[in-house]
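Subject: The structure we talked about

Hi,

Here is the structure I promised to pass on. Please open it alongside this note, and my findings follow below.

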Amino acid sequence: MKVLKFGGKSLGNGEPVKSAIDIIQKEQSTEAVALVISARGQSTDLLLALYAKAVAGADVTPDLENFFAYQYIKGLNLDLSSYQTELQQLLEALQLLGVTNNRIKDRVVAFGEVISALTVTELLRQQGLDAVFADARQLLVGRCVANDVAVDFALSKEKTTRFFSALAPQQIPVITGFIASDPEGKTITLGRNGSNYTATLIASFIQATEVQNWTDIDGVYTASPKYVKNAQKIPHLSYREANELANFGARILHAKTILPLVESGIPLKIFSSFAYGREGTLIDEKGSGKGIKAVSTIEDVSLVSIEGRGLLGKVGIDARIFSALSSNSISVRLISQASSERGIGFIVNKEDAQLTEQVLTKEFSEELGHQDISRIQVNNNMAIIAIVGRHNYSLEKAIYGLRRNKIWLHLISNSINGEHISLVVDNQDLKKAVNVVHNQVFGAMKTLNLFAFGKGTVGGKLLDQLVRTGDDVIRRRNLMIRIVGVADSKKMIFSEDGFTHNWREELAASQQATDFGNIINLLKTSGLENIVIADNTSSQELTEQYPVIVNSGFDIVASNKKANSISYAFYEGLRNDLKKRGKLFFYETNVGAGLPLIDTIKHLHNSSDKIERIRGVFSGSLSYIFNKFSVEGKSFSTILTEAKEKGYTEPDAREDLCGLDVARKLIILAREVGLQTELEDVEVESLVPPSLAAIGPFEEFMAQAETLDAYFATIKASLNEDEVLRYVGDLMVAENKLTVSLVKASKNSPLGNIQNADSLFEIYTESYETQPIIIQGAGAGAEVTARGVYSDLIRIGGHY
Ligand SMILES: Nc1ncnc2c1ncn2[C@@H]1O[C@H](COP(=O)(O)OP(=O)(O)O)[C@@H](O)[C@H]1O
Ligand SMILES: N[C@@H](CC(=O)OP(=O)(O)O)C(=O)O
């Protein structure tokens, strides 16, 4: 005979309960079955809420009606009215008394399992099966010890085997999970999720061949899939491993589930009743032999800390703490103590927190009075993340990931054999933290959650590239870049699940106005880990918010040059914030688009090869214009218009011609090599002819093409045969001199030789004194710039 346990989630109204009945029919056709049944859907939670309301003296009638309305299944011949009356009377008594009582509470919640088992019995009978309802209070006996139940195995086994031996061969017992009796026959419960324990107890008493646990998930995963989307199913576990997971909060198994199976060697299988036939997790004596790794969580616990100089070197403090707690039946889940004995921190269940504080305040009243203990502090909103199984450097990896995500670690406890590490974090950070820890420890696929500002040429291309090549990056780099939000200057979209090819339509249809404060708030409260902001705008306003972004714990990638070229004070302040928070800011595309320039300069600078000079054509658009103008017979304005049409220039091409863009790039490079320069320090030769400097809109400027053309024709006429014009940025480090000017270059020199919209940078260093390092290639264009930002993102991924 095998024991099949159905959890509440598998017995919800509609399809779930229908599938459960189907599964029972199929399974009993090959081997006799006994069923253990939990309360249906959210029934236990509803009953607990009813109990609390009644104790508080509130009117429970509507909730009671709702509860019974949920239990009713159309067409089923089951009269629950006597149960409704009995429960109502119990609740009314509670309303009158207004006191809490655990035995009455257990009687109230027991209605969930009883009604559920009656319902399943009737549903099976409807299918022609000989189902027999069994109230586990007649089978299982236990005593309440502290907040726990100690089952009387011998008596329970005797009662259970007697019940089973009285069954006819074709009969299917439908046993209530979760509930039992105490020696006086009063109702007790085995603790939340206790039906699993009922099932394994019954199985061990009747020597079942196996236990099947039918739930809403097809096995035990490396972390709760509720939090960690890329958790992996563990196909095979040993009892010891499963027990370890159950003890540390993997909700799928009640903490005691495994114990009855160990001696009898009965295997436990976990299946999803929503996917019949799909392989689940097998738990047996052997396990897979490979060892497990998993991360489990315990929510809503309280951290108690006791601090004070008076604790230093005092003997017996710990003993007093724990004996006071134990005499009040408060169990401690985790302890951590600093070696200096200046303080001790431990975790208790939230329900016990208030009592813990009272008990300890009383116990240490003298020490508190003398200030030997400065305070006893209770922090209620805590959660534990437990890393189970042996792994190399788990703790280090977890701490690294948590710090990068600005998640505060309140307490660490590491078992001596290194097979178990518990980390205490704020409840509100739990989702983010468990993802970070899981992915760090498993070296599993990392996720970057990207919020992108700017959907223009570069921003839009980046998002399209991400959508197009996302799978490739997952395969090759084990990195998923999820676009969780996009904002332009007016509107924004945000979704924790991310956007794919449809981001443009979603943004177009969005009604949500862009509001920076709101975006930061959404990201901070989202529970998303590894958040990166992309700035592909040219907004100074946004760059001024970078410190807020960094201080919120997010990294930045930007093609926007402003943050690096506005005041040095801002530049330095941002670097300090980045350092303090351990955050990253990559901006390789600020100079030379996708060319690996900034990185090369950083490396040279950091390796102490003194950079003496950087000279070159910094602007792709002006490169194009002068490469063409120098050798083709067309007028300057014709070539300017061509460059604009190709998307090389700013919408108002004067922004390129005035030299400001090149000056910004020079400043960025100068600061990379350690100069504290400001934009005003750059000597810029503007390409806007002085006579056209005061003209308003760009169209009006272009209407003066003749003047513009005449101006540049004169300059061109002064060239020697082997010379061309180049607009050159020059950074002379020792002299602290930065210039931007139109120069005549020999056609045979590297500068004179560049084509199309190429950029060229000559880097002179102490080692490359006369023959500079030359970096050359396409220095403008949305596609290459977006690629550059993309590779910055991938670099950030490498840091997680
Ligand atoms: N490591 C884990 N593997 C699988 N499920 C887990 C894990 N940790 C927590 N869970 C949660 O356990 C739930 C199933 O347990 P439970 O709620 O008790 O189900 P049931 O009502 O069927 O007894 C799943 O829905 C899942 O969210
Ligand atoms: N109904 C009880 C017992 C139980 O085990 O339920 P489930 O099998 O749905 O986790 C509870 O909710 O705690």
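A residue counts as near a molecule or strand if its C-beta atom, placed from the backbone, lies within 6 Å of it. With that in mind, 19 residues surround ligand 1, and Gly-7, Thr-215, Tyr-221, Ser-224 and Ile-252 are the closest.

Before going further, a word on what you are looking at. This is a predicted model, in which local features need pLDDT of at least 70 and side-chain atom pairs count only at pLDDT 80 or more, while totals for chains, interfaces and linings use all residues. Residues are numbered from 1 along each chain as its sequence is written, and chains are lettered from A and ligands numbered from 1 in the order in which they are written. The chain has a mean pLDDT (the predictor's confidence in each residue, from 0 to 100) of 92, and 99% of its residues reach 70 or more. The model's scores are ipTM 0.97 and pTM 0.73.

**The ligands**

The shell around ligand 1 is made of 7 nonpolar, 8 polar and 4 charged residues. Here Ala, Val, Leu, Ile, Met, Phe, Trp, Tyr, Cys and Pro count as nonpolar, Asp, Glu, Lys and Arg as charged, and the others, Gly among them, as polar. Ligand 2 has 13 residues around it, of which Gly-7, Gly-8, Ser-38, Thr-44 and Ser-195 come nearest. Its shell splits into 2 nonpolar, 9 polar and 2 charged residues.

**Domains and core**

The chain is assigned four stretches: domain 1 (2-41 + 110-290), domain 2 (295-442), domain 3 (446-589 + 789-798) and domain 4 (597-780). These bounds come from an automatic or database domain assignment. Between the C-alpha centres of domain 1 and domain 3 there are 47 Å.

The largest nonpolar core holds 129 residues, and Leu-35, Ile-175, Ile-202, Ile-385 and Val-437 touch the most other members. Helix H5 (residues 102-126) gives the most to this core, with 11 residues. At least three residues come from each of domain 1 and domain 2. By nonpolar core I mean a set of buried Ala, Val, Leu, Ile, Met, Phe, Trp, Tyr and Cys residues joined through C-beta atoms within 7 Å. A residue is buried if 20 or more other C-beta atoms lie within 10 Å of its own, exposed if 12 or fewer, and partly exposed in between, with C-beta atoms placed from the backbone.

**Sheets**

Helices (H or I, at least four residues) and strands (E, at least two) are DSSP runs, numbered from the N terminus, and two strands pair if DSSP finds at least two bridges between them.

An open sheet of 6 strands runs in the order S23-S22-S21-S24-S25-S26, with mixed pairing. Its edge strands are S23 (492-499) and S26 (585-586), each pairing on one side only. Strand S22 (residues 479-487) is antiparallel to S23, with 4 bridges, and Ala-487 has Met-492 as its bridge partner there.

Which residues of strand S25 (residues 555-558) point the same way? Asp-555 and Val-557 point one way and Ile-556 and Ala-558 the other, and all are buried. Strand S24 (residues 531-535) is parallel to S25, joined by 4 bridges, with Ala-534 opposite Val-557. S25 also runs parallel to S26, through 2 bridges, and Val-557 stands opposite Phe-586 there.

Elsewhere, strand S29 (residues 723-732) and S30 pair antiparallel over 10 bridges, with Asp-730 opposite Thr-739. They form a hairpin with 4 residues between them, and Asn-736 in the turn has a positive phi of about 55°.

Best wishes
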